[in-house]
Amino acid sequence: MALSRDHARIALATIRLVNGALALLAPEVMLRRFEAGQEANPGAGPDPGRVAVYPLRMFGIRTVVLGIQLLADGSVRQRGSVRQGSSVRQGSSLRQQGKVGVVIHAADAASAIIAGLRRQLPARVAVVAAGISVTNTALAWILATGGDGTDVAGGHGTDIAADGRRTDSEERISAGSGPPATRAQYGR
């Protein structure tokens, strides 16, 4: 069963919120998950993981904001679906967030893989981190490409309903609605 764009949006937002909140509010817990500091190397002297608290908190707030943005766009989509044309704008926003997410999460996955290969992270930690990032990349890909029957080949927000009908703004224009300049463009 393929994930719909809405399911991917909610899943990615949840992962971002959990990881971001953890990094922001409890970076020591995340460091233990990465086996950094005294737990990873008891004879290392002063805890080398403490230096990571600051960048983890920076990562955390950005990740929380990205998660909230995904959830907020979904609530706008739910409310805006009644108004004509708003679902097209919403789809474009989710696509844009998906494209950005693919870049972010693919880079995260590559970083985890490289850190594992260079033995900068324990193998188990590198596999888990890469797995999370690959999952996030896949969810972002669904947002970017439209996992719910959305045709993004043209990138113009053409949505296809379950029964094959077009539900985009062009259909409404061909039905005689829309601004006069746009109707004139389509010869209506």
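Asn 136 sits in helix α5. Helices here are DSSP runs of H or I with at least four residues, strands are E runs of at least two, and both are numbered from the N terminus. Setting aside residues up to four places away in sequence, Asn 136 touches Leu 12, Ile 15 and His 105, where touching, or contact, means heavy atoms within 4.5 Å.

A quick word on what we're looking at. This is a predicted model, where local features need pLDDT of at least 70 and side-chain atom pairs count only at pLDDT 80 or more, while totals for chains, interfaces and linings use all residues. Residues are numbered from 1 along each chain as its sequence is written, and side-chain values use heavy atoms, with hydrogens and water left out.

Now the overview. The chain has seven helices and two strands, and from the N terminus the order goes α-α-α-α-α-β-β-α-α. Of the 188 residues in the chain, 32% are buried. If you take the contacts with a separation of 6 or more, 67% of them are between residues 24 or more positions apart.

So what sits in the largest nonpolar core? There are 10 residues: Ala 8, Leu 12, Ala 13, Leu 70, Leu 94, Val 102, Leu 139, Ala 140, Ile 142 and Leu 143. By nonpolar core I mean a set of buried Ala, Val, Leu, Ile, Met, Phe, Trp, Tyr and Cys residues joined through side-chain atoms within 4.5 Å. The elements giving two or more residues to this core are α1 (5-25), α4 (86-117) and α5 (123-145), and α5 gives the most, with four. There's also a second, separate core of five residues, and Ala 23, Met 30, Val 53 and Leu 56 are among them.

Leu 12 ties back to where we began. Leaving out neighbours within four places in sequence, Leu 12 is in contact with Leu 70, His 105, Asn 136, Leu 139, Ala 140 and Leu 143.

Next, how do α1 and α5 pack? Their angle is about 140 degrees and their axes are 9 Å apart. Axes are lines fitted to C-alpha atoms, for helices over the stretch in contact, and angles run from 0 to 180 degrees between N-to-C directions. The two helices are therefore oblique to each other; under 35 degrees would be roughly parallel, over 145 roughly antiparallel, 65 to 115 roughly perpendicular, and the rest is oblique. On the α1 side, the residues that meet α5 include Arg 5, Ala 8, Leu 12 and Ile 15, and their partners in α5 include Ile 132, Asn 136, Leu 139 and Thr 145.

Two more residues before I stop. Val 64 lies in helix α3 (residues 53-80) and is buried, with a relative accessible area of 14%. Not counting residues up to four places away in sequence, Val 64 touches Arg 16, Leu 17, Gly 20 and Ala 21. Val 64 and Ile 15 are 49 residues apart in sequence, and 9.4 Å apart in space, C-alpha to C-alpha.

And is Arg 119 buried or exposed? Arg 119 counts as exposed, because its relative accessibility is 73%. Arg 119 is in the loop between α4 and α5, and its phi is near 60 degrees, a positive value in a residue other than glycine.

Methods. Buried means under 20% relative accessible area, exposed over 50%, partly exposed in between (1.4 Å probe, protein chains only).
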